[in-house]
Amino acid sequence: MTRLAITINGRALAPTEVRDDLTMNDFLREHLGMTGTKFGCGAAQCLSCAVIIDNPDGTSYTSPTCVVSAISFDGKAIRTVEGHAKNGELTALQKAFIEHFAFQCGYCTAGFLNEAQVLLERLARKPVARDELEKTIAEALDGHICRCTGYVKYHEAVRDVVLADPKRYLA
Ligand code: FES
Ligand code: FES
């Protein structure tokens, strides 16, 4: 057993003892009941289980949780799908996913949402030219598998959010 201290969606959890072989996915879903983070392939291949990890310098990245131990997240701040909407209000990205009918079963959606959110925040720090946008979105979402094949709609949804606020996201 090892002590785990972690901040999730802005809330620091009381340090807790967890088994060394407990995955982060099981910690979220089974220990905390946060089932928005999905378990798909269980082999770091589909990224349906991805969460956001926030660096102290304000940058962020995503990580799978299915094959990663909970204790490796000790001291980290993460965001999950449950942390996006504020006071019941969906983010522009979440609304765009719905407006585009980007998902069907929704199993991949939390992973896509987290990845796209990381991309938006990166673009806000470092905008790209309009003619680089399609490639930038495609590269960011690459690696996320959707068995219901919503790839194009996810891409279009992210593009809509960027184009709705070009001063923020585009150079
Ligand atoms: S469930 Fe983690 S990558 Fe597929
Ligand atoms: S919406 Fe079903 S796997 Fe993507």
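Predicted model: local features only at pLDDT ≥ 70, side-chain atom pairs only at ≥ 80, totals over all residues.
I52 has T62 of strand 6 as its bridge partner. Strand 5 and strand 6 run antiparallel, and four bridges join them.

Now widen the view. Strands of a sheet pair through backbone hydrogen bonds, either parallel or antiparallel. Here, five strands make an open sheet with mixed pairing, in the order 3-2-7-5-6. Strand 3 (11–12) and strand 6 (60–63) stand at the edges. Each has a single partner strand, so one side of each has no neighbour in the sheet.

Next come the helices. Helix 3 packs on the sheet and touches strand 5, strand 6 and strand 7. The direction of helix 3 makes about 165° with that of strand 6.

Helix 1 (residues 24–31) has these buried residues: M24, N25, F27 and L28. An α-helix has 3.6 residues a turn, so residues three or four places apart point the same way. The buried residues of helix 1 pack against strand 1 (2–4), strand 2 (7–8), strand 4 (16–18), strand 5 (51–54) and strand 7 (77–79). Just after helix 1, G33 takes a positive phi of about 70°.

Finally, look at the rings. The whole structure holds three aromatic pairs. One of them is F112 with Y154, stacked at 4.0 Å centre to centre with 10° between the planes. F112 lies in helix 3 (residues 109–125) and Y154 in helix 5 (residues 151–163), so this pair ties together parts 42 residues apart in sequence. Both F112 and Y154 are buried. Ring pairs also link F97, F112, Y151 and Y154 into a cluster. Elsewhere, the charged end of K38 sits over the ring of Y107, 5.9 Å from its centre.

How values were computed. Residues numbered from 1 in each chain as written. Chains lettered and ligands numbered in written order. Heavy atoms only, no water. Phe/Tyr/Trp six-rings, centres within 6.5 Å; stacked < 30°, edge-to-face > 60°. Helix = DSSP H or I, 4+ residues; strand = E, 2+ residues; numbered from the N terminus. Buried < 20%, exposed > 50% of the residue type's maximum accessible area, 1.4 Å probe, protein only. Lys NZ or Arg CZ within 6 Å of the ring centre and 35° of its normal. Contact = heavy atoms within 4.5 Å. Pairing = 2+ DSSP bridges. Axes fitted to C-alpha atoms, helices over the stretch in contact; angles between N-to-C directions.
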